[in-house]
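Please read it alongside the sequence and the model.

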Amino acid sequence: MKTEKNVEDFYDKASVGYEDYKDRICDRILEYFVLASIPKGKKLRILDAGGGIGRFSKSLLEKGHEVVLSELSEGMLKNAKNNLSSFERITFIKESVSDMKSQKDNSFDVVLMMNGILDYCGDYNKAIGETYRILKNGGVFIGNVNNRFVYCKNHELKEGKYGLFEANMKTGDRYITWGNQNAGHISHEFTLEELKVSLRKGKFNIINILGVFNILDKYEMDKLKNKEEFIKLQIRFAENKDYINNSS
């Protein structure tokens, strides 16, 4: 798939120097909700699908869980192996989230897809279907996706590209690039209703949907002075459904 190959190439290049992003405020907030959402009182088998440099796997391994980290990018996978070399209960696999052929049916208690994996994977419905297949009965799927309106507003609209804003708002498919790279890839941003429909078509029961970054855009958070107080504040606001549509 061309889109998937573009993403793989992009993150292979981005993996050089990606360690600079490993302790972002946005990831600390996401980590809170991951740990709050997984079943308590037992050791779990968890797939960190599209796990990048292992940011969330590390927290889960420290809790004693068994983790499989899959990643499309060889460069990111190499970083993850280096970052998690001191842990024993982890397996690394180079694999697409839309075709998890290495994973058996009903084999995981929890599947994570953090930091926009469903946005970038090329076929999010296939990825959701694969996730349902490999989860045990009663298993939990946790992830986060980009809000279509907020992302298009913060980029195309603010840049005065009004025609492109309307086109991207209609389809949700945006061509993105960052980190001084020449070539980017397609990112699919979701409306809230679209996300709900896709999950239900994939046979999931929706436990909770939160607006995790609804005070500041996630890229503004690391500029704050009192970061610890902000994290507590954002967690409280994220749990308030009145502000979900303000979230990026």
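1. The lining of the largest pocket divides by class into 25 nonpolar, 15 polar and 4 charged residues, where Ala, Val, Leu, Ile, Met, Phe, Trp, Tyr, Cys and Pro count as nonpolar, Asp, Glu, Lys and Arg as charged, and the others, Gly among them, as polar. This is a predicted model, in which local features need pLDDT of at least 70 and side-chain atom pairs count only at pLDDT 80 or more, while totals for chains, interfaces and linings use all residues. Residues are numbered from 1 along each chain as its sequence is written, and side-chain values use heavy atoms, with hydrogens and water left out.

2. The largest pocket has a volume of about 1200 Å³ (the space filled by probe spheres set on grid points, which are joined across faces, edges and corners). Of the 44 residues that line the largest pocket, those closest to its centre are Phe141, Gly143, Leu199, Asn208 and Ile209. A pocket here is an open set of points on a 1 Å grid over the protein atoms alone, where a 1.4 Å probe fits, with protein on both sides within 12 Å along at least five of seven lines, and lining residues have an atom within 4 Å of a point.

3. Strand E5 gives the most to the lining of the largest pocket, with 9 residues; helices (H or I, at least four residues) and strands (E, at least two) are DSSP runs, numbered from the N terminus.

4. The second largest pocket holds about 940 Å³ of space, and of the 44 residues lining it, Tyr11, Tyr18, Asn115, Tyr120 and Trp178 are the closest to its centre. The lining of the second largest pocket comprises 19 nonpolar, 10 polar and 15 charged residues, and helix H1 gives the most to it, with 4 residues.
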